[in-house]
Amino acid sequence: MSLAFGRHFLSIPGPSVVPEQVLAAMHRGAPNIYEGDLIETTYSVLDRLKKVARTEHKVAMYIANGHGAWEAAVVNTIAPGDKVLVLCTGRFGKGWAEMASTLGADVELLDFGTAAPADPARVEARLRADKTHEIRAVLTVQTDTASSVRNDIAAIRKAIDAAGHPALYMVDCIASLACEPYEMDAWGVDLTVTGSQKGLMVPPGTSFVFSGPKALAARARLERVSPYFDWAPRHDPEIYYRLFCGTAPTHHILGLDVALRMLLEEEGLEAVWARHARLARSVWAAVAAWGAGGMFRLNIADPAHRSIAVTTIHTAEGEAERLRHWCEREANLTLGIGLSLESGSGRPTGSALFRIGHMGHLNPPMLLGALSTADAGLKALGVPHGAGALEAATAALSMSASAAEQAAE
Ligand SMILES: *Cc1c(COP(=O)(O)O)cnc(C)c1O
């Protein structure tokens with residue numbers, strides 16, 4: 001007898017849970033796209049998105065998933081033949097690199113493995129060696145959603161500056177915006193990409209590119225940009241229609257309006273970041289307890305380098321897959337599949353890795369429900385694991401943010 005009834009719970013690193021309030025806002029007939037509320041709401045959404053990215057500069061919104069924003073970022077800044085340096089800390093940096101390469105960029109990968117953040121000293125050394133400033137841009141992710149490592153975005157900026165290098169600094173925050181602390185302007189990031197379906201709590205289908213003055217100057221140098229992805233008309237449209245190079249993503253705008261109100265007004269961005277940190281500590285505590293008696297292990301050993309939006313967990317071969325299937329079939333819980341962490345390998349994904357997404361619209365009953373269900377799955381399957389995971393998870397959750405910081409010292 002399966003227990004997979006009741007509300008389905010998606011505990012994966014995107015798409016994340018869509019709040020009822022967002023769904024309710026989207027549940028209406030097509031609005032007027034010529035005049036009235038939708039127009040005002042759109043400009044307000046664009047303005048508030050900049051508050052989430054912490055930038056005063058430009059934003060372009062695309063009817064596309066995160067890959068669309070990756071492509072938009074590249075075609076507006078990089079010409080075929082330009083050299084770009086991509087920092088790889090899992091899979092997502094490589095994905096962006098492959099896209100840039102297909103678009104004609106001369107891509108160099110700086111690989112930091114799959115269980116550590118990018119080392120700013122290596123970035124600095126590579127840029128110092130580039131005496132003629134051939135490298136046009138440095139691309140990185142903030143959170144690599146496959147490895148669950150978090151890169152230190154401010155430290156990489158300092159490394160670029162220490163090398164005295166003029167390269168554009170472009171950051172993928174698709175898995176981290178509105179989860180991890182992020183300060184585009186204060187940290188000196190020239191371009192940020194993100195999507196609607198992770199920390200922003202809205203279905204997949206819209207994505208955003210934020211660009212500062214240096215990114216805008218890079219666009220101005222290009223003779224031609226593909227008309228759909230060109231951000232120039234989207235930044236300063238003389239008519240509303242041009243904001244989207246066609247019909248507006250009406251219902252995404254309505255959903256974003258509510259999601260941004262929840263993030264910026266009802267909770268507050270700093271509180272959103274703190275909530276993610278607290279929930280993440282609860283996940284780590286549970287996994288550490290499981291690991292005491294079995295094969296479970298967090299992919300990122302040092303808590304300081306862990307994402308607070310997603311956690312990648314190693315198991316013995318095959319057990320991650322069995323656990324995911326049990327949770328799906330027996331309990332209506334979807335856990336994140338493991339993405340292969342060996343560069344370019346043909347290793348089947350997911351058999352010894354799984355991920356818990358803890359981003360977006362999430363609270364203790366949701367998270368503890370997922371952790372408890374996984375714990376029950378391990379027992380049901382007879383997978384060896386340490387005891388006390390739930391005790392550890394609730395103890396971590398009961399600690400205030402400051403007490404947890406002290407305990408970590
Ligand atoms: C999810 C994700 C992407 C890809 O986004 P899609 O919407 O699936 O195209 C890219 N980068 C990171 C870091 C992500 O987490």
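R221 is partly exposed because its relative accessibility is 34%, between the cut-offs for buried (under 20% relative accessible area) and exposed (over 50%), using a 1.4 Å probe and protein chains only. D82 is buried, at 10%. The model is predicted: local features need pLDDT of at least 70, side-chain atom pairs count only at pLDDT 80 or more, and totals for chains, interfaces and linings use all residues. Residues are numbered from 1 along each chain as its sequence is written, and side-chain values use heavy atoms, without hydrogens and water.

R221 and D82 form a salt bridge, N to O at 2.8 Å. The term means a side-chain nitrogen of Lys or Arg within 4 Å of a carboxyl oxygen of Asp or Glu. R221 sits in helix α7 (residues 213-221), and D82 in the loop between α3 (66-75) and β3 (83-88), 139 residues apart. Helices (H or I, at least four residues) and strands (E, at least two) are DSSP runs numbered from the N terminus.

The whole structure holds 20 salt bridges. One of them joins R48 to D257 at 2.5 Å, N to O. This pair spans 209 residues, from helix α2 (residues 37-53) to helix α9 (residues 250-267). R48 and D257 are both buried. Elsewhere, salt bridges link R157, D161, D190 and K214 in a network.

D130 is another case. D130 is buried but has no salt bridge. The nearest side chain of opposite charge, R126, is 5.2 Å away; Lys and Arg count as positive, Asp and Glu as negative, while His and the chain ends are not counted. D130 lies in the loop between α5 (120-129) and β5 (135-141). Its side chain reaches the backbone nitrogen of I135 at 2.9 Å.

Methods. Polar contact = N/O pair within 3.5 Å; in protein donor to acceptor, adjacent residues only side chain to side chain.
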